[in-house]
Amino acid sequence: MQPYVRRSTAVAATDQIRDAIISGDLAMGSPLSEATIAEQLGISRTPVREAMRQLAQEGLVQLRPYVGASVFVVTVQELAQMIDFREMLEVAALKQGMTRDAPGLGAKLQTIATQMEAAIHASDVRPYSALDTEFHDTIIDAAGSSFLHDAYTLVSSKLAAMRTVIWRDKDRLQRSIHGHEALIARISAGDVQAAIAVLIQHIRNAEMVFAGDKTLFGHTEN
């Protein structure tokens, strides 16, 4: 984690820890010591404890009595349920977003995809997962529905953290960007059904990547 930049204690601590989890600096299943994190950030343990509670609500931290806190891991069943939930929300958002402004949505997504390609070509793939998250958040936001947005937050942070497995492998990166480009093409053409089919395939491809990466299913101590 980066040195603590003073803002407002618990909120800033939450942001720092969340960023470390989503970036992969804190690996799945890693134990989280309040004392150690407080020392690293140069703050007391109280805001760190508050941060842990907030991140537990977001699903990024698991809190267990008599054991303590750790970075989340998923089970095979949880992953399947998460992907099903994600698909329902993103498909609904895509339909609504294309109805509202398909060309505008396509243009926004193209801007992000261009940045993703630039990151790959610059061998600076670490930002790729953040851009990937922005890409799918843009689809959700295109629906203009606060209900869809709020529902998506139940899985968005976990998905952002899980995307770190994609940029570890060049072939995965290429398949990912090709999936985004195919989706943009269908959206820009205004073909709703084709766009939905591409989006579903893209999401299911990601599921296979996630399911095949053992780091997401790490164990915490009993």
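This is a predicted model: local features need pLDDT of at least 70, side-chain atom pairs count only at pLDDT 80 or more; totals for chains, interfaces and linings use all residues.
Contact here means heavy atoms within 4.5 Å.

Helix α3 spans residues 45-58 and contains 14 residues. From its first C-alpha to its last it reaches 20 Å, close to the 20 Å expected at 1.5 Å a residue. The buried residues in α3 are P47, V48, A51, M52, L55 and E58. They cover an arc of only 145° around the axis, which places them on the same side of α3. An α-helix has 3.6 residues a turn, so residues three or four places apart point the same way. The elements that cover the buried residues of α3 include α1, β1 (31-32), α2 (34-41), β2, β3 and α6 (146-162). After α3 comes G59, whose phi is positive, near 90°.

Backbone geometry also deserves attention at two other positions. Most residues other than glycine have a negative phi. T9, although not a glycine, has a positive phi of about 30°. This residue lies in helix α1, which comprises residues 9-23, and α1 is among the elements that cover the buried residues of α3. Is T9 buried, exposed or partly exposed? With a relative accessible area of 38%, T9 is partly exposed.

Y66 is likewise a residue other than glycine with a positive phi, here near 70°. Y66 is located in the loop between β2 (61-64) and β3 (68-71), and both of these strands are among the elements covering the buried residues of α3. Y66 itself counts as exposed, at 89% relative accessibility, the cut-off for exposed being over 50%.

Note on methods:
Residues are numbered from 1 along each chain as its sequence is written. Side-chain values use heavy atoms; hydrogens and water are left out. Helices (H or I, at least four residues) and strands (E, at least two) are DSSP runs, numbered from the N terminus. Buried means under 20% relative accessible area, exposed over 50%, partly exposed in between (1.4 Å probe, protein chains only). The expected span of a helix is 1.5 Å times one less than its number of residues. The arc is that of the directions from the helix axis to the C-beta atoms.
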